[in-house]
Amino acid sequence: MTVTQAAPFVRTADREHRDHRWSILVLLCLSLLLITVDATVLHIAVPALTAALEPSAVQLLWIIDIYSLVVAPLLIMFGTLGDKYGRKRMVLCGFVLFGLASAGAAFAPTPLTLILARALLGVGGAMIMPATLSLIRQVFTDRRERAIALGVWSAVAAAGAALGPLVGGVLVGVWWGAVFLINVPILLVLLPAAVRLLPESRERKDRPWDAMSAVLSVLGILALAFGLKEAGSGSLMPLWASVLVFLAGLGLLAAFVRRQTRLPTPLLEIGLFRRREFATGVAGVLLGVFALVGLQLMLAQYLQLVLGDSPLRAAVRMLPLVISAISGGLAAAHILPRIGMRATMSGGLGLVALALTPTLGWGVEGHPVMLAICFVGIGFGVQVALLAASDTIMSSATESQAGGAAAIEETAYELGAGLGVAVLGTITAIVYAPGLPAVPGVSAGGMDKARQSLASAAHVADEVGGRAGGALLDAARWAFVNALHTTVVVSVVLLSLTAVAVATLLSRD
């Protein structure tokens with residue numbers, strides 16, 4: 001009797017949620033926007049933050065990096081926990097934690113407090129993110145509608161990363177804490193809406209959940225990301241120690257993969273990667289976000305420290321990247337059914353490589369029109385590629401695998417962002433330091449500090465002043481531009497090779 005009475009109720013509830021699917025999509029995308037904006041919101045807000053809290057160089061590094069460093073390893077764990085105990089419940093808990101952590105970050109009295117608050121923000125974000133994709137997969141049962149929904153989702157994901165510096169540039173003029181505090185009133189609106197609109201996913205409490213697998217995945221990704229970031233910055237440990245941490249991370253992830261292949265009910269469906277489309281989609285997401293976030297950070301520094309733009313002006317000049325990212329995601333939903341996944345993904349990656357090429361001829365002079373055109377090409381191309389990759393990933397998974405597949409995709413997003421900043425930032429630093437020659441009138445100690453970064457060189461130049469200070473700043477700007485050219489070359493090569501690989505490996509769809 002109970003079963004026969006419950007079945008019509010479930011069908012009625014599912015039908016009601018499908019009727020509200022576009023409202024649910026708006027709610028999920030707003031949730032995703034909060035999380036992705038927070039990943040890059042400090043790129044332009046750092047000077048005001050530094051003036052307010054006076055963090056050390058190491059503390060500043062952790063303030064910026066701890067968010068993505070925490071989000072990435074927790075996505076798989078919370079994605080599978082959402083599948084087991086309910087995705088709606090996971091989203092609601094994530095909202096509460098994200099709101100409390102945002103308030104804590106806004107009023108943090110010390111750098112250490114801010115680091116801890118940013119870490120809690122990462123935990124809250126990791127609870128919300130996997131559910132945004134898996135709930136789309138649950139609510140949008142028609143593949144054509146799902147492609148449109150995923151196009152909106154991926155546009156928001158990339159636009160959030162692109163919008164972060166703009167939000168930071170605007171809010172930091174009011175108060176640096178406003179960068180975080182703005183999340184609170186938004187969440188106060190989203191929380192009751194989520195309670196009313198989001199569907200309950202079927203709980204699978206009888207499904208085993210392997211804690212050891214969760215520990216291996218979290219520690220493995222954390223060690224991998226931490227080792228890579230430390231190898232690039234050298235802030236906390238020497239290079240050999242960073243390499244050991246990186247290798248330990250690889251070892252832990254290898255143990256995680258081996259364990260998944262032996263468990264009757266694995267935490268993560270490793271078998272998904274045996275499907276060529278799924279594996280290629282994950283690779284496309286990883287490299288697309290790698291290019292978007294890594295290059296965005298480098299170009300933000302170019303605008304502020306080479307061309308001399310204020311934070312707000314630099315943020316406004318990056319607006320074409322935001323608009324084109326949103327447009328690209330929406331347009332890709334219509335392009336994908338017409339030309340297929342292979343052409344959409346490879347074409348998008350190729351467009352990004354083409355849009356970056358003109359920057360190789362730039363110096364310390366401004367190129368406002370070409371800069372806007374390049375931003376449009378980068379944003380549109382990345383989003384077209386990401387939509388094709390996202391549609392492929394989610395279509396390759398069954399409903400029961402949706403949480404795990406979403407967690408893999410979003411892990412690729414976060415790792416792509418972290419790797420983009422770490423790898424491209426490391427390349428820039430390696431080329432910049434030896435490219436800055438000694439400047440007459442500047443002490444050896446001053447030159448050592450100036451070679452750490454262009455921002456440090458600007459600080460030293462301001463302290464030295466006069467003709468020597470001006471000469472140092474000019475030399476540092478040229479050294480940074482040359483380093484940026486190297487970074488762009490690496491990005492263009494990687495994007496081009498990936499575009500060719502996608503066109504070669506994937507069947508015409």
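N482 sits in helix α19 (helices, H or I with at least four residues, and strands, E with at least two, are DSSP runs numbered from the N terminus). With a relative accessible area of 42%, N482 is partly exposed. The cut-offs here: buried is under 20% relative accessible area, exposed is over 50%, and partly exposed is in between, with a 1.4 Å probe and protein chains only. Before going on, note that this is a predicted model, where local features need pLDDT of at least 70, side-chain atom pairs count only at pLDDT 80 or more, and totals for chains, interfaces and linings use all residues. Residues are numbered from 1 along each chain as its sequence is written, and side-chain values use heavy atoms, with hydrogens and water left out.

W478 is partly exposed at 44% relative accessible area, and T486 is partly exposed at 29%.

| Pair | Apart in sequence | C-alpha to C-alpha distance |
|---|---|---|
| W478 and L436 | 42 residues | 8.2 Å |
| N482 and G435 | 47 residues | 7.9 Å |
| T486 and L424 | 62 residues | 9.3 Å |

What does T486 touch, once neighbours within four places in sequence are set aside? The answer is I427 and V431, where contact means heavy atoms within 4.5 Å.

**The chain as a whole**

Zooming out, the chain has 19 helices and zero strands. It runs to 509 residues, 55% of which count as buried. Take the contacts between residues at least 6 apart in sequence: 82% of them join residues at least 24 apart. The accessible surface comes to about 20200 Å², and carbon and sulfur atoms own 68% of that (Shrake-Rupley method, 1.4 Å probe; for residues, only the protein chains shown count as cover).

How far does the predictor trust all this? The mean pLDDT is 79, and 87% of the residues reach 70 or more; pLDDT is the predictor's confidence in each residue, from 0 to 100. Among the elements of the chain, helix α5 (residues 87-106) has the highest mean pLDDT, 91, while helix α1 (residues 2-19) has the lowest, 49. Over residues 1-13 pLDDT stays under 50, and there the model has zero contacts beyond four places in sequence.

**Aromatic pairs**

The structure holds six aromatic pairs. Rings of Phe, Tyr and Trp (its six-membered ring) pair if their centres lie within 6.5 Å; planes under 30 degrees apart count as stacked, over 60 as edge-to-face and the rest as tilted. One of the pairs is W22 with F140: their ring centres are 4.8 Å apart and their planes stand at 65°, so this one is edge-to-face. W22 is in helix α2 (residues 21-40) and F140 in the loop between α6 (111-139) and α7 (143-171), so the pair ties together parts that are 118 residues apart in sequence. W22 counts as partly exposed at 35% relative accessibility, whereas F140, at 1%, counts as buried.

The W176 and F180 pair is edge-to-face too, because the ring planes are at 85°, with the centres 6.5 Å apart. Both W176 and F180 are buried. Ring pairs also join F107, W175, W176 and F180 into a cluster.

E145 is partly exposed, at 23% relative accessible area.

**A nonpolar patch**

Finally, the surface: L239, W240, V243, L244, L247 and L250 make a nonpolar patch of about 620 Å². Patches are made of residues with over 30% relative accessible area and no salt bridge; like charges are joined within 9 Å, and nonpolar side chains (Val, Leu, Ile, Met, Phe, Trp, Tyr) within 5 Å. W240 belongs to helix α11 (residues 239-262) and is exposed, with a relative accessible area of 59%.

Notes. A salt bridge is a side-chain nitrogen of Lys or Arg within 4 Å of a carboxyl oxygen of Asp or Glu.
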